[in-house]
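Please open the structure in your viewer and keep the selection tool at hand. The tour moves from one selection to the next and states what is found at each stop.

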Amino acid sequence: MDFFNNCQIAWLAIANGNNLASLLQYPFMQRAIVEAVLMGILGGMLGSFVTLRQLSFFSHAVGHAALVGVALGVLLQVNPTWMLLPFTLIFGVVVLYFIDKTDLGSDSVLSIVLSGALAIGLILTSLIKGYRGNLMQVLFGDILALDVTDLILTLLVLVGGSIFLLSTLQQQILLTLNPDVAQVQGIPVQLYRYVFVVLLSLAVAVAIKAVGVLLVNAFLVIPASTAKLMSHRFSGFLAISVIVGSTTSITGIIVSGLFSIASGPSIVLVQFLLFLAVVIWFKLTLKAA
């Protein structure tokens, strides 16, 4: 219901001739802008490593399996966010453990565990009676309905992730490019892999409420993929990914508020259009050269 109420407020602001500055005076819009910046930095930073380490399917699986946590939260009448955090964390670690301890490929393990989690999630969803607004909100995202607690959770994950990744950046780069060499040089590869999975799972959990289960993977992959086309140096790639993630999130929120459309799809659409523009630009540039 919060999404529709916020959209009605935004629409009334436009109908009354108010400009964008007036729209930004609403607390829900201010929280959304702050969350967009935090999410953009977090998604750009983690998405850079996700793209290079080919973990896109992993983050996709974690996001979709989070349906179990969402359904449990609705059934138990608990804030779905508090169910998402532990569930995505446990799911990510368990999947990585299965990949390490079995002879199956990572894609097979992910497909199996994801299928099982989705089956459980759909069964739990069918048990939900009456109003399912909280479930729909988490499935499709609503950054306009975030509260201060959501901002604090995102900030904590961002600070923790930044401290870990930036303090071990050289090791992380080597681990990304050549895990065998990293192992030989004494880098705790397994420890770093598990810590990164924990960060990735928590990032997916805090982003789900903003962009939704169905689109959370795009929030990690599209900005980083766009940045990868624009820079071949890791430092530039990382910086551009963060900038793209933040600016497209803010733009998506503004478009969502101005035209009263869902915030999650709006953000991802802006990211997608920018990606297409960059692809076309580079193709034209190469042809001209």
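**Before selecting**

This is a predicted model, in which local features need pLDDT of at least 70 and side-chain atom pairs count only at pLDDT 80 or more, while totals for chains, interfaces and linings use all residues. Residues are numbered from 1 along each chain as its sequence is written, and side-chain values use heavy atoms, with hydrogens and water left out.

**Stop 1: the whole chain**

Of its 289 residues, 49% count as buried. Buried means under 20% relative accessible area, exposed means over 50%, and partly exposed lies in between (1.4 Å probe, protein chains only). The chain exposes about 13600 Å², of which carbon and sulfur atoms supply 70%; accessible areas come from the Shrake-Rupley method with a 1.4 Å probe, and for residues only the protein chains shown count as cover. Among contacts (heavy atoms within 4.5 Å) with a separation of 6 or more, 76% join residues 24 or more positions apart.

**Stop 2: Met39**

Now select Met39, which is found in helix α3 (residues 27-52). Is Met39 buried or exposed? Met39 counts as buried, because its relative accessibility is 1%. Show its surroundings: leaving out residues up to four places away in sequence, Met39 touches Gly44, Ile143, Thr154, Ala207, Ala210, Val211 and Phe219.

**Stop 3: the loop between α3 and α4**

Move on to Arg53 and Gln54. Arg53 is found in the loop between α3 and α4, and Gln54 lies in that loop too. Arg53 is buried, because its relative accessible area is 17%, whereas Gln54 counts as exposed, because its relative accessibility is 71%. Gln54 also has a positive phi of about 55°, although it is not a glycine. Apart from neighbours within four places in sequence, Arg53 is in contact with Gln172, Leu175, Thr176 and Phe196. Select Leu177 as well: Arg53 and Leu177 are 124 residues apart in sequence and 8.0 Å apart in space, C-alpha to C-alpha.

**Stop 4: the largest pocket**

A pocket is, on a 1 Å grid over the protein atoms alone, an open set of points with protein on both sides within 12 Å along at least five of seven lines; a cavity is a set of points where a 1.4 Å probe fits but cannot get out, and lining residues have an atom within 4 Å of a point. About 450 Å³ of space lies in the largest pocket; grid points are joined across faces, edges and corners, and a volume is the space filled by probe spheres set on the points. Which helix gives the largest share of this lining? It is α12, with four residues.

**Stop 5: the cavity**

Next, select Thr81, Leu84, Leu146, Asp150, Leu153, Thr154, Ala205, Val206 and Lys209, which line the largest cavity. The structure holds one cavity of 30 Å³ or more, and the largest cavity has a volume of about 50 Å³. Helices α6, α9 (148-167) and α12 (189-211) each supply at least two residues of its lining. Thr154 was already met at the second stop, as a residue that Met39 touches.

**Stop 6: α5 and what follows**

Select α5, which is mostly covered: seven of its nine residues are buried. These are Leu67, Val68, Gly69, Val70, Ala71, Gly73 and Val74. Just after α5, Gln77 takes a positive phi of about 60°. Val78 has its place in the loop between α5 (67-75) and α6 (80-101). Val78 is partly exposed, because its relative accessible area is 35%.

**Stop 7: Asn217**

Finally, select Asn217 in helix α13 (residues 216-230). Asn217 is buried, because its relative accessible area is 17%. Leaving aside neighbours within four places in sequence, Asn217 is in contact with Ser56, Ser59 and His60.
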